[in-house]
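This briefing is for a reader new to the structure. Please look over the sequence and the model before reading the points below.

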Amino acid sequence: MAETGTTFAADGAEKQFRDGLNRGEFNIQQCASCKKHVFYPRTLCTNCGSPKLVWKRAAGTGTVYSTSTERYKPEAGGDKNIAVVQLDEGPRMLTRITDIAPADVKIGMRVTAHIGEADGIKLIYFRKA
Amino acid sequence: MVHPLRGQTAVVGVGLTKFGDLPGKTHLELLAEASYAALDDAGLKLTDVDGLFVSSMGRVFHPLQVAEYLGVKPSAIDGTNVGGSAFVNAIQHAAMALHNGVCNVALIAYGSTSRSDRKSGTPRVGGNPNAGVMYQSEYKPMLPVGSYALVANRYMHEYGMTRDQLSSVAVTFRKWAQLNPRAEMRGPLTIEDVSRARMICDPFTLYDCCLVSDAGAALVMTRADRARSLKQKPVYMLGIGSGTSHDQIAQLADFTVTACAMSGPRAFGMAGLKPKDVDVIEVYDAFSINPILFLEDLGFVKKGEGGAFFTEGHAAPGGKLPVNTNGGGMSCVHPGMYGMFVSIEAVEQLRGNTGARQVEGAEVALANGNGGLLSNQSTAIFGTAATLGAEARTTKRASAKKVVKKAAKKAAKKAPKKAVKKAAKKSAKKAAKKVAKKVAKKAPKKAVKKAVKKTAKKAKRR
């Protein structure tokens, strides 16, 4: 049997990412072997399988890859935007674009990240750049 | 070499319950009713069942529950849940278990009270299957519809598909449903009705979304040798392919390409067939964008032209490539997971039992299950007895011409030159038939096998 030994840190990628968010940092992993960026946080590189994923600060910039408006009645909070943003590092993430009417979010729009909170959990949102 | 699973197993029985509002029934009762019907259809009994393949949205020990409820003591049991495609994916598992002698009679079954549960506010056992997915669930997206909507918007952005083209999908399936007495929604439906209906999640209106039904469905499989002695005309499993691309929607690499681009070539490769060999298609139409993507990714329509394909009526009754002949999940039935129904309609079409909606002369049918948020695609290709064996394959269709030509060249070495020349002069189809017969008779088996292998390889590459 091969042991994991010192390959992996005591805290998993998930905790490390959340700890970063709580400090106000949006961090992203980059594979030391193939140089691809990985998001959401992983244990192994999804491109090459390497365990050598190194944290770095995300640029926090990206482009709207797709967007939609979820229709809710006014009493249920009204319409909401839902979007997938392609980070400038490459990976995509689900998010919501804030501070804009849902229908005004367009595919290809440049956006920048900000950290918000929902139900006590820090989350990454974006607004128009 | 012909794939070892090709044509080795067959669907011998199918069973359906009533569809719609069935508040007086439990999910297990619906599953058991459909199982009884499918076994009766096959001329088999519950006591013959020794392979059980089921799947539930939230019940972790569902296979155990079903085995106990039916009183079955299976030697092969499986409850893999890859979403609504699970029941097509299960055909792969059942075929492997049957072919390897791990079981002899496989029952794939499902029952659901989705509609009654929604009406009565009964919470789903096991909760929301889309809950607890980190980096997705925390944003509380409207799921599953939101993920398909994001895909549809990206597709429309890249390929310029119009709202009315998208609407033609629901309209096409409604036309089929009008020919199916069992379908839940049979009233008229126009492009305008769909485009102008209440918006749920852009670009989807109410009619872009599938139904929510109570229903049960079941399917029985055996090895091909046993199938031939049973009550119904066997429908052979020629090819099965499974493809998995992601779980949460943001991880789908290209929003315009589904895992059908993997499952399709795998299924066609096993079957030794190509898209143009298929007579009728049944796909999981959870949302109107699905059939467009699936037809493209399975190789039936060029990427970006799926919308026009529906608008031009090619998939509708009388069209060149009938799709969702039962009315689909949008107009026939959709009990939470629809995977059973694509296979059952494919089988019914190949039996030639579907009345007004029958596709004349259907010999090859493709069923595609969709699971999760476009996450898993499972593609099954079924065929009648005529599609079994290399000869049947090469004689049946013009698409097999190349195989025949190659086989004919090899055969020419042994067969009299005259016969080959004469055959070559005749129409492609006729020639194919004649040559193939000669090939079968005179050519060494190797040549035929080699030719078949080449088609399989080509299908893989697509």
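A residue is called buried when its relative accessible area is under 20%, exposed when it is over 50%, and partly exposed in between, using a 1.4 Å probe and protein chains only. By that scale B:Lys303 is partly exposed, because its relative accessible area is 25%. This is a predicted model in which local features need pLDDT of at least 70 and side-chain atom pairs count only at pLDDT 80 or more, while totals for chains, interfaces and linings use all residues. Residues are numbered from 1 along each chain as its sequence is written, chains are lettered from A and ligands numbered from 1 in the order in which they are written, and side-chain values use heavy atoms, with hydrogens and water left out.

**Chain A**

- Helices (H or I, at least four residues) and strands (E, at least two) are DSSP runs, numbered from the N terminus.
- Chain A has one helix and eight strands, and the order from the N terminus is α-β-β-β-β-β-β-β-β.
- Chain A has 129 residues, of which 43% count as buried.
- Contact means heavy atoms within 4.5 Å. Among the contacts in chain A with a separation of 6 or more, 46% join residues 24 or more positions apart.

**Interface of chain A and chain B**

- Chain A brings 29 residues to the contact and chain B brings 26 residues.
- The size of an interface is often given as the accessible area lost when the parts come together. Buried area here is the accessible area (1.4 Å probe) that two parts lose on being put together, summed over both.
- Between chain A and chain B about 2500 Å² is buried, and carbon and sulfur atoms give 56% of that area. On the chain A side, A:Tyr65, A:Arg71 and A:Leu94 lose the most area to chain B, together 26% of what that side buries.
- A salt bridge is a side-chain nitrogen of Lys or Arg within 4 Å of a carboxyl oxygen of Asp or Glu. The rule finds three salt bridges across this interface.
- A:Arg71 and B:Asp202 form a salt bridge through their side chains, at 2.8 Å from N to O.
- A polar contact is a pair of N or O atoms within 3.5 Å; within protein, one must be able to donate a hydrogen and the other to accept it, and residues adjacent in sequence count only if both atoms are side-chain atoms. Between chain A and chain B, 20 residue pairs are in polar contact, both residues being at pLDDT 80 or more.
- On the side of chain A that touches chain B, at least two residues each come from α1 (13–22), β4 (61–70), β5 (80–87), β6 (92–95) and β8 (121–128) of chain A. The largest share of that side, six residues, is from β4(A).
- Ala, Val, Leu, Ile, Met, Phe, Trp, Tyr, Cys and Pro count as nonpolar, Asp, Glu, Lys and Arg as charged, and the others, Gly among them, as polar. By these classes, the side of chain A that touches chain B has 16 nonpolar, five polar and eight charged residues.

**Strand β7 of chain B**

- In strand β7 (residues 214–223) of chain B, nine of the ten residues are buried.
- Two strands pair if DSSP finds at least two bridges between them.
- Strand β1 (residues 9–16) of chain B pairs with β7(B) in the antiparallel sense over seven bridges, and B:Ala10 stands opposite B:Thr222 in β7(B).
- Strand β4 (residues 106–113) of chain B also pairs with β7(B) in the antiparallel sense, over eight bridges, and B:Tyr110 stands opposite B:Ala217 in β7(B).

**Salt bridges**

- Over all chains the rule counts 24 salt bridges.
- A:Glu25 and A:Arg23 meet in a salt bridge of 3.2 Å, N to O. A:Glu25 counts as buried because its relative accessibility is 17%, whereas A:Arg23 counts as exposed at 56%.
- B:Lys303 forms a salt bridge with B:Glu296 at 3.0 Å, N to O, and one with B:Asp297 at 2.8 Å, N to O. B:Glu296 is buried at 6% relative accessibility, and B:Asp297 is buried at 11%.
- A network of salt bridges links B:Asp21, B:Arg115, B:Lys119 and B:Glu184.

**B:Thr354**

- B:Thr354 lies in the loop between α13 (339–351) and β10 (364–371) of chain B, and B:Thr354 counts as buried because its relative accessible area is 4%.
- Leaving aside neighbours within four places in sequence, B:Thr354 is in contact with B:Glu345, B:Glu348 and B:Gln349.
- The side chains of B:Thr354 and B:Gln358 are joined by a polar contact of 2.7 Å.
- B:Thr354 and B:Leu179 are 175 residues apart along the chain, and their C-alpha atoms are separated by 9.2 Å.
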